[in-house]
Amino acid sequence: MVREPLGEEAATDLARMFKALSDPVRLRLLSLIASHEGGEACVCDLTGPFDVSQPTISHHLKVLREAGLVGSERRGTWVYYWVLPAALARLSSLLQTPAAAPAATGGTG
């Protein structure tokens, strides 16, 4: 974003990702998945920490998946989720400022 202006398609894709992360439950789910041992988590491991129903957790996971932030795979009766590193790298690079950019002073004068 600081290197060149975003195109319409890129802005739409990135807005979908940020919108998915704007919900506290989804942000926590992403964090739980990313920090889970082995880098992936069974949906059965993701329902306990929340005070919401399993269908609500499934909905939030679907939003994360449709936003391109997590991948998933059914194994038997359970679905496993993992964070997509390329998506996080894309979000991260968007928010980084070039090293040579002058620091913002926040002042007016």
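Trainee: Which residue in β3 does arginine 74 stand opposite?

Mentor: This is a predicted model, so what follows describes a prediction. The strands β2 and β3 run antiparallel and are joined by six bridges. Within this pairing glutamate 73 has tyrosine 80 as its bridge partner in β3, and the residue that arginine 74 stands opposite in β3 is valine 79.

Trainee: Which residue takes a positive phi in the hairpin of β2 and β3?

Mentor: The hairpin is formed by β2 and β3, and it has two residues between the strands. A positive phi near 70° is found there, and the residue that takes it is glycine 76.

Trainee: What is the order of the strands in the open sheet, and which of them stand at the edges?

Mentor: The sheet has three strands with antiparallel pairing, and their order is β1-β3-β2. From one strand to the next, the twist averages 25°. Each edge strand has a single partner strand, so one side of each is left without a neighbour in the sheet, and the strands at the edges are β1 (40–42) and β2 (70–75).

Trainee: What is the bridge partner of alanine 41 in β3?

Mentor: The strand β1 pairs with β3, which covers residues 78–83, in the antiparallel sense over three bridges. Glutamate 40 has tryptophan 82 as its bridge partner in β3, while the bridge partner of alanine 41 in that strand is tyrosine 81.

Trainee: Which helix lies across β2 and β3?

Mentor: The helix in question runs at about 125° to β2. It covers residues 54–66, and its name is α4.

Trainee: Is phenylalanine 50 buried or exposed?

Mentor: Phenylalanine 50 lies in the loop between α3 (43–46) and α4. Leaving aside residues up to four places away in sequence, phenylalanine 50 touches Val25, Arg28, Leu29, Leu32 and Ile57. One of these, arginine 28, is 22 residues away along the chain, and its C-alpha atom is separated from that of phenylalanine 50 by 9.3 Å. The relative accessibility of phenylalanine 50 is 9%, which is under the 20% limit, and therefore this residue counts as buried.

Trainee: Are α1 and α5 roughly parallel or roughly perpendicular to each other?

Mentor: Helix α1 (residues 8–21) and helix α5 (residues 85–95) pack with their axes 11 Å apart, at an angle of about 105°. Angles of 65 to 115 degrees count as roughly perpendicular, and therefore α1 and α5 are roughly perpendicular.

Trainee: How many nonpolar residues does the contact of α1 with α5 have?

Mentor: On the side of α1, the contact is made by Ala10, Asp13, Leu14, Met17, Phe18 and Leu21, and on the side of α5 by Ala87, Arg90, Leu91, Leu94 and Leu95. By class, two of the residues in the contact are charged and none is polar, and the number of nonpolar residues is nine.

Note on methods. Residues are numbered from 1 along each chain as its sequence is written. This is a predicted model: local features need pLDDT of at least 70, side-chain atom pairs count only at pLDDT 80 or more; totals for chains, interfaces and linings use all residues. Side-chain values use heavy atoms; hydrogens and water are left out. Axes are lines fitted to C-alpha atoms, for helices over the stretch in contact, and angles run from 0 to 180 degrees between N-to-C directions. Helices (H or I, at least four residues) and strands (E, at least two) are DSSP runs, numbered from the N terminus. Angles under 35 degrees count as roughly parallel, over 145 as roughly antiparallel, 65 to 115 as roughly perpendicular and the rest as oblique. Contact means heavy atoms within 4.5 Å. Ala, Val, Leu, Ile, Met, Phe, Trp, Tyr, Cys and Pro count as nonpolar, Asp, Glu, Lys and Arg as charged, and the others, Gly among them, as polar. Two strands pair if DSSP finds at least two bridges between them. Buried means under 20% relative accessible area, exposed over 50%, partly exposed in between (1.4 Å probe, protein chains only).
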